[in-house]
Amino acid sequence: MADENTILKIITDDVNEQAALVINQIDKEVSMTKEDQIKSFKLGLKKETDTYLEKELNELRILKVTKASGAKLKTKRDLLSLRTKMVDQLFNEVLTRLHDFVNSDKYEKFLTDKVKTLNVSDGYFLVRATDEALFKKILKELKLNNEVKIANYQIGGFCYVDSKRGEEYDLTLDNSFKQQQVWFQNNSGLTI
């Protein structure tokens with residue numbers, strides 16, 4: 001029996017030794033699997049974090065560009081509004097001066113000088129209703145007996161129409177004012 005006990009002990013020791021080797025091997029494999037999974041999770045988490053950070057950065061860039069674009073647009077709108085106010089103020093002042101001029105003594109001389117520049121024959125003159133009497137007086141002084149018709153001019157001046165010769169001269173302050181507005185808008189340099 002002593003031999004049996006010794007053999008049994010040897011077998012038990014051998015089984016325990018084999019079991020310890022298997023347990024060590026399993027522990028190593030579990031540890032390696034655990035480390036691999038942790039590495040894999042860390043890598044995945046890093047990729048996710050990087051993707052999230054890149055997305056956030058892109059959103060911040062877009063927000064910054066949008067704000068800058070909005071600021072530029074607001075600046076352009078403000079400049080356009082300021083330009084419009086300045087131009088309106090300028091032209092309102094010019095209109096006021098023109099109305100003051102047509103109500104002054106200089107207006108009669110202006111009309112007389114303009115009529116003298118024309119080669120008047122059988123045509124007729126178009127004037128504002130308020131200028132009709134003044135214009136007839138000017139024509140009488142210049143020994144011209146052309147017909148004077150009423151036209152709807154806001155500022156003043158006159159048109160001379162000679163149908164026989166196919167000529168028409170627009171010497172109205174209304175037309176001059178409109179031409180100067182167009183010229184100013186095209187050449188003032190006040191573009192946005």
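Figure 1. Leu173, Asp174, Phe177 and Phe184 are the buried residues of H4. Buried means under 20% relative accessible area, exposed over 50%, and partly exposed in between (1.4 Å probe, protein chains only). The four cover an arc of only 105° around the axis, which puts them on the same side of H4. The arc is that of the directions from the helix axis to the C-beta atoms. An α-helix has 3.6 residues a turn, so residues three or four places apart point the same way. The face turned away from the buried side of H4 carries exposed Lys178 and Asn186. Helices (H or I, at least four residues) and strands (E, at least two) are DSSP runs, numbered from the N terminus.

This is a predicted model, in which local features need pLDDT of at least 70, side-chain atom pairs count only at pLDDT 80 or more, and totals for chains, interfaces and linings use all residues. Residues are numbered from 1 along each chain as its sequence is written, and side-chain values use heavy atoms, with hydrogens and water left out.

**Figure 2. What H4 packs against.** Contact means heavy atoms within 4.5 Å. H4 lies across E3 and E4, and runs at about 75° to E4. Axes are lines fitted to C-alpha atoms, for helices over the stretch in contact; angles run from 0 to 180 degrees between N-to-C directions.

**Figure 3. The open sheet of 4 strands.** The strand order is E2-E1-E3-E4, with mixed pairing. Strand E2 (147-150) and E4 stand at the edges, each with a single partner strand, so one side of each is left without a neighbour in the sheet. Neighbouring strands are turned by 20° against each other on average, direction ignored. E1 and E2 run parallel, joined by 4 bridges. Two strands pair if DSSP finds at least two bridges between them. Val127 has Ile150 in E2 as its bridge partner. H2 packs on this sheet and touches E1, E3 and E4. The direction of H2 makes about 20° with that of E3.

**Figure 4. The two faces of helix H2.** Tyr107, Leu111, Thr112 and Val115 are the buried residues of H2. They cover an arc of only 135° around the axis, which puts them on the same side of H2. The face turned away from them carries exposed Lys106, Lys109 and Lys116. The buried residues of H2 pack against H1, E1, H3, E3 and H4.

**Figure 5. Asp131 in a loop.** Asp131 lies between strand E1 (124-127) and helix H3 (132-141). Asp131 is buried, with a relative accessible area of 3%. Leaving aside neighbours within four places in sequence, Asp131 is in contact with Tyr107, Gly156 and Gly157.

**Figure 6. The setting of these views in the protein chain.** The protein chain has 4 helices and 4 strands. From the N terminus on, they run α-α-β-α-β-β-β-α. Of its 192 residues, 19% count as buried. The C-alpha atoms fill a box of roughly 165 × 35 × 25 Å, taken along the principal axes.
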